[in-house]
Amino acid sequence: MPEPPPPGLPSPFFRVDARLVHSAVTNAWIPHLQAKRLVVASERFMHNPLRRALAAHSIPEDVKLFFVREDDATSLGTLLASGEATLVLFETLAAVSRAVEAGVDIGALNLGHVPAGPHRTPICPAVHLAPSDFVLIDRLKARGVSIDVRTLPDDGTLDLWPLAPSSSAESSEEGAAAIESGGFLPPPADVPVSSGSARVGEPEMPRRVESSVTVVNERGLHLRVAHMLAQLVSRFRSSVLLGRDGRFVNAKSLLGLTTLGAARGVKLSVIAEGVDASKAVAEIERFFSSDFEVSA
Amino acid sequence: MIGIVVVSHGRLGQVLLETAAEIVGPLPTSVAVSVAVARSQSVEDIGQDIRRAVAAVDQPDGVLILADAFGGTAANIASELVLNQKVDVVTGCNLPMLLKLKSALVETSDLTTLARCLKDYAQRNVVVASDILRGDAKHA
């Protein structure tokens with residue numbers, strides 16, 4: 001009788017890890033997930049007897065190890081139907097895509113280890129995404145896969161897409177859908193529109209506030225600053241869009257912000273919508289005019 | 001003579017070599033080098049770094065790679081070299097192992113003998129002190 005996965009822990013847990021079976025998996029993820037099965041979904045690994053032997057020797061004794069081709073949906077399906085807590089490892093996002101194309105049902109995907117390389121944007125020390133990865137992520141998201149960027153279990157999730165309906169009750173479904181499908185401005189919402197900064201004593205009711213800011217930093221809206229901005233905006237309940245030349249991105253998304261390519265002198269439009277829209281816009285204006293200083 | 005490459009997550013290997021050098025004296029960099037594996041590196045990059053280090057200390061008697069953790073990326077990748085080079089890998093590298101290394105290199109020029117000697121020494125030096133005080137032969 002297989003042991004069911006402990007309540008509250010996701011199973012199967014799907015992870016992208018370029019290193020596949022290594023210390024962080026055997027000593028951190030398997031204990032965290034209380035996994036009883038480790039499935040390595042990699043054709044390359046399958047055909048490497050040495051790596052297979054090393055992996056078999058390095059995992060905890062009570063964990064069963066399986067190898068399967070990433071696009072072998074039948075075998076994967078059988079393995080995942082066991083009912084035991086299972087960790088599934090893929091080498092790359094491309095491998096995950098092949099699995100999904102082949103019919104493997106993946107609801108949530110952990111991005112744990114994607115190495116650095118030319119044209120790759122560092123998201124955290126162990127995750128670096130190429131433009132092609134962003135495309136794959138968009139496709140996976142379109143199929144309903146949620147993405148969790150996290151190298152180790154205790155790391156905070158780097159939520160790159162906080163506008164998704166599940167994580168922001170305040171954002172409009174319409175807005176989220178528009179951003180999902182290509183990052184363009186959602187149709188005007190049915191709320192009062194005002195422009196400029198917050199006024200003292202403003203009542204807390206849903207509103208739409210528009211403004212514009214200019215990048216004065218000589219390095220532009222670079223990654224570290226984009227991260228700070230995304231964090232700053234995430235403190236507000238309103239949905240916030242930042243746009244350039246008519247193309248808008250979710251300002252709570254580090255990934256979105258980095259795609260704006262906002263160099264020094266670029267003027268960006270800001271649209272916030274929600275109960276604290278004015279405050280959010282005021283904070284963003286202050287952040288840009290102070291040359292990216294975060295207030296305490 | 002046997003060449004030595006210490007591979008580790010981060011700077012651990014380099015620090016272990018430096019610390020051992022303070023205690024038992026340094027090994028020349030023509031004999032022993034370290035390779036640091038960064039979290040951002042690809043498997044291919046790490047493999048290249050390790051192969052380069054092996055080439056730098058390559059000796060007729062072979063090269064012994066001391067990797068920090070069995071099952072770790074550094075050890076996994078280093079192990080692949082065993083297949084087609086005169087290379088062996090010992091994992092679980094610790095300070096006692098590196099303290100023993102200097103004299104062991106003088107005593108033997110056989111790769112397998114050195115590898116097993118370092119493994120035994122390193123394991124023997126992991127103890128629970130109170131077990132020794134109690135004379136608990138089973139655990140000590």
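The pLDDT is the predictor's confidence in each residue, on a scale from 0 to 100. Chain A has a mean pLDDT of 81, and 81% of its residues reach 70 or more. Over residues 161-192 of chain A the pLDDT is below 50, yet beyond near neighbours in sequence this stretch has 58 contacts in the model, two residues being in contact if their C-beta atoms, placed from the backbone, lie within 7 Å. Residues 196-203 of chain A also have a pLDDT below 50, with 9 contacts beyond near neighbours in sequence.

This is a predicted model, in which local features need a pLDDT of at least 70 and side-chain atom pairs count only at pLDDT 80 or more, while totals for chains, interfaces and linings use all residues. Residues are numbered from 1 along each chain as its sequence is written, and chains are lettered from A and ligands numbered from 1 in the order in which they are written.

Let us begin with the two chains. Chain A contains 10 helices and 13 strands; helices (H or I, at least four residues) and strands (E, at least two) are DSSP runs, numbered from the N terminus. Of the 296 residues of chain A, 41% count as buried. A residue is buried if 20 or more other C-beta atoms, placed from the backbone, lie within 10 Å of its own, exposed if 12 or fewer do, and partly exposed in between. Of the contacts in chain A with a separation of 6 or more, 70% are accounted for by residues 24 or more positions apart.

Chain B has 6 helices and 4 strands, and from the N terminus on its elements run β-α-β-α-β-α-β-α-α-α. In this chain, 39% of the 140 residues count as buried. Among its contacts between residues at least 6 apart in sequence, 68% join residues at least 24 apart.

Where the chains meet, 14 residues of chain B are in contact with 15 residues of chain A. Helix α3 of chain B (residues 73-79) gives the most to the side of chain B that touches chain A, with 3 residues. The residues on that side of chain B divide into 4 nonpolar, 8 polar and 2 charged. Here Ala, Val, Leu, Ile, Met, Phe, Trp, Tyr, Cys and Pro count as nonpolar, Asp, Glu, Lys and Arg as charged, and the others, Gly among them, as polar.

We turn next to pairs of helices. In chain A, the axes of helix α5 (residues 93-101) and helix α6 (residues 131-142) come within 10 Å and cross at roughly 30°. Axes are lines fitted to C-alpha atoms, for helices over the stretch in contact, and angles run from 0 to 180 degrees between N-to-C directions. The helices α5(A) and α6(A) are therefore roughly parallel to each other, since angles under 35 degrees count as roughly parallel, over 145 as roughly antiparallel, 65 to 115 as roughly perpendicular and the rest as oblique. In the contact, A:Leu93, A:Ala94, A:Val96, A:Ser97 and A:Val100 of α5(A) meet A:Asp133, A:Leu136, A:Ile137, A:Arg139 and A:Leu140 of α6(A). These residues divide into 7 nonpolar, 1 polar and 2 charged.

Also in chain A, the axes of helix α8 (residues 223-234) and helix α10 (residues 277-289) come within 10 Å and cross at roughly 155°. That makes α8(A) roughly antiparallel to α10(A). The contact is made by A:Leu229, A:Leu232 and A:Val233 of α8(A) and by A:Ala280, A:Glu283, A:Ile284 and A:Phe287 of α10(A). Its residues divide into 6 nonpolar, no polar and 1 charged.

In chain B, the axes of helix α4 (residues 95-107) and helix α5 (residues 111-124) come within 9 Å and cross at roughly 140°. The helices α4(B) and α5(B) are therefore oblique to each other.

Finally, some features of the backbone deserve attention. Most residues other than glycine have a negative phi, and most peptide bonds are trans. The peptide bond from A:Ser11 to A:Pro12 is cis, with omega near -5°, and A:Pro12 lies in the segment before β1 (13-17) of chain A. A:Leu20, in the loop between β1 and α1 (23-33) of chain A, has a positive phi near 50°. A:Leu20 is buried, with 23 other C-beta atoms within 10 Å. A:Gln34 likewise has a positive phi, of about 50°, but A:Gln34 is partly exposed, with 15 other C-beta atoms within 10 Å.
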